[in-house]
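Okay, thanks for making time, everyone. Let me put the model up and talk you through a couple of spots.

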Amino acid sequence: MFDIDRWQEIWSSMRSNSLRTILSGFTVTLGLFIFVVLFGIGNGLQKSFSSGFMGDAANLISIFTTPTSEAFAGMQANRTITLKNDDYTSVTKDHQPEIEFQAPSYTSNMLVKYKNESGNYQISGSTKDEEKIEDRSIMEGRYLNDRDIENHQNVAVIGRLVQKDLIKDGNPIGKTLTINGSNFTVIGVFTDTGGDWDERVISIPISTLQKMKKSSDTLNTINLTYAKNLTTEQAVKLGENLEKDLKQKHRISPEDKGGIIVRNAADNMKDTLQFMLVLTIIVGVIGIGTLTAGVLGISNIMVFIVKERTKEIGIRKAIGAKPSSIVGLILQESIVVTVLAGIIGILLGVFSLYLIGNRLEEYFITDPSVTPGIIITAFFCLVIAGAIAGFVPAYKASKIKPIEALRAD
């Protein structure tokens, strides 16, 4: 392996037979190039589908109501269903082991003032778990806590853009906002992955907002996240049980498509996981196919190379070369060609993905890229296959008698 004379002989052979070297390396380069680009595009598609779950918790279940569409149990169709605090209590109590975070939600648009600035904003009445469910991050101060809810405190956590719109004179913490005529103390500022719209929201204790609405116990939505140790099937089943329980409580037909609506991220996740599995299999089969084609190309060319060098092998054996020396020489040359061509193919593939960048976002391909682990695995598999492809014909040639090798055409 470290014989300088052998390396010089290999380089001399590659230079004097440049066309042969290029042809033998081309299939390797092409195979790895196609493999890298395909896997990069496949990863880009997966990133696009995964990003569809950004903005709220990926394991979110939202419960809200619509008018019923069927008459049931003596009740007329087109009946208005309203969620109440006791619905939230019963849902979270009955399924507590399967729930990670939980928050009732009641929203209303209200006029908000700060000194000479004012504007209409969405006021969200909720609890401390809203921070996790909405995937928010506190920039300054804190979020709502249990004491705020229990004591009906007039405190507010504002979105980043609310601060930008209204409070322009220093630190917003401790400043007083007037919301629908009532004074609220700002206790925190948050950012939201959902974007600008979600950052123009003000969150206050749900107990306080319901009190402002004449002691109403009405809810718009019940939001919760299912426990992360649940399988996708178990999470889907949880959503179905929540819908069943609430429909039974509000005397809604089990077959009614209205009344109680449960949107479960697990339903979409199940479909997405199936799509990603199919996509991964397709990309994997095509990728392995291109690598296999590269290996077959190397094998065919190595057979040709050995046949072309049969007389040379005969001369080497006639002057005392051992079979292992002949096999080693051809095998080493095969590995060198495979490694160099493989590196070129990888570099071309990675550079192509870099050039593509985010230009294919309209086709749902975001930031196509390949992890180093996949590249290294594919590279070494191809090198090993190239070594085997070179070994087989070289070993057969080393067994030929010198006189037969010298007579070969």
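Quick definition before anything else: buried means under 20% relative accessible area, exposed means over 50%, and partly exposed is in between, with a 1.4 Å probe and protein chains only. This is a predicted model, so local features need pLDDT of at least 70 and side-chain atom pairs count only at pLDDT 80 or more, while totals for chains, interfaces and linings use all residues. Residues are numbered from 1 along each chain as its sequence is written, and side-chain values use heavy atoms, with hydrogens and water left out.

So, Asn-120. At a relative accessible area of 62%, Asn-120 is exposed. You'll find Asn-120 in strand β4, residues 117-126; strands here are DSSP runs of E, at least two residues, and helices are runs of H or I, at least four, numbered from the N terminus. Leaving aside residues up to four places away in sequence, Asn-120 touches Met-110 and Leu-111, where contact means heavy atoms within 4.5 Å. Arg-200 is 80 residues from Asn-120 in sequence, yet their C-alphas are 9.6 Å apart.

Next, a helix pair. α3 (residues 85-94) packs on α8 (residues 232-249) at about 140°, axes 11 Å apart. Axes are lines fitted to C-alpha atoms, for helices over the stretch in contact, with angles from 0 to 180 degrees between N-to-C directions. On the α3 side we have Asp-86, Asp-87, Ser-90 and Val-91, meeting Leu-242, Leu-246 and Lys-249 in α8.

Zooming out, the chain has 13 helices and twelve strands, and 45% of its 409 residues are buried.
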